[in-house]
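Please read them with the structure open.

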Amino acid sequence: MSKPVKVTDDNFNTEVLSADKKVLVDFWAEWCGPCRMVAPVLEDVAGEYGDQIKVAKLNVDDNQTTASRYGIMSIPTMLVMEDGKVVDKLVGYMPKDKLVKKLDLK
């Protein structure tokens with residue numbers, strides 16, 4: 001069973017851009033209420049669909065370089081990345097069933 005991977009400015013290239021499958025990157029912060037709401041959803045997605053998608057979490061307070069590079073203006077923001085490129089951007093809380101459908105996971 002997979003769990004979300006903690007990513008930082010230092011390991012973002014290795015963990016996300018060089019990943020061999022689709023990656024969902026959650027840009028979040030400790031103080032963000034909606035971020036705390038989406039955390040268990042991402043835990044479930046990582047556990048259930050970890051063979052299809054890698055779930056990564058990046059704390060924007062601790063990793064401002066990467067957050068700035070991707071123009072993250074509000075959180076939670078989730079970027080869907082494939083082959084090192086952003087293919088979708090999701091802003092705000094999303095329930096698991098809607099997220100799974102949006103990510104086209106089966």
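Predicted model: local features only at pLDDT ≥ 70, side-chain atom pairs only at ≥ 80, totals over all residues.

The points below cover the annotated residues, a neighbouring strand position, the aromatic pair and the salt bridges.

1. Annotated positions. An unreviewed UniProt entry carries the annotation "active site" for C32 and C35. C32 sits in the loop between β2 (22-28) and α2 (33-49), whereas C35 belongs to helix α2. C32 has a relative accessibility of 3%, so it counts as buried. C35 is buried as well, with a relative accessible area of 2%.

2. Residues up to four places away in sequence are left aside here. On that basis C32 touches I75 and P76. C35 touches I75 and P76, and also W28 and A29.

3. N59. This residue is part of strand β3 (residues 53-59). With neighbours within four places in sequence excluded, N59 is in contact with W28, A29 and E30. Its relative accessibility is 9%, under the 20% limit, so N59 counts as buried.

4. Aromatic pair. Searching the whole structure gives 1 aromatic pair. The ring centres of F12 and Y70 are 5.5 Å apart and the planes make an angle of 45 degrees, so the pair is classed as tilted. F12 lies in helix α1 (residues 12-17) and Y70 in the loop between α3 (64-69) and β4 (77-82); the pair links distant parts of the chain, 58 residues apart. F12 counts as buried because its relative accessibility is 0%.

5. E15 is partly exposed, at a relative accessible area of 22%, while K54, at 18% relative accessibility, counts as buried.

6. Salt bridge between strands. D26 and K57 form a salt bridge in which the closest N and O atoms are 2.7 Å apart. Because D26 lies in strand β2 and K57 in strand β3, the pair ties together parts that are 31 residues apart in sequence. Both residues, D26 and K57, are buried.

7. Salt bridge between helices. E48 and K96 meet through their side chains in a salt bridge of 2.5 Å, N to O. E48 is in helix α2 and K96 in helix α4 (residues 96-102), so the parts tied together are 48 residues apart in sequence. E48 is partly exposed, with a relative accessible area of 47%; K96 is partly exposed, with 24%.

Notes
Residues numbered from 1 in each chain as written. Heavy atoms only, no water. Helix = DSSP H or I, 4+ residues; strand = E, 2+ residues; numbered from the N terminus. Buried < 20%, exposed > 50% of the residue type's maximum accessible area, 1.4 Å probe, protein only. Contact = heavy atoms within 4.5 Å. Phe/Tyr/Trp six-rings, centres within 6.5 Å; stacked < 30°, edge-to-face > 60°. UniProt positions renumbered as here; feature names shortened; annotations may be inferred. Salt bridge = Lys/Arg side-chain N within 4 Å of Asp/Glu carboxyl O.
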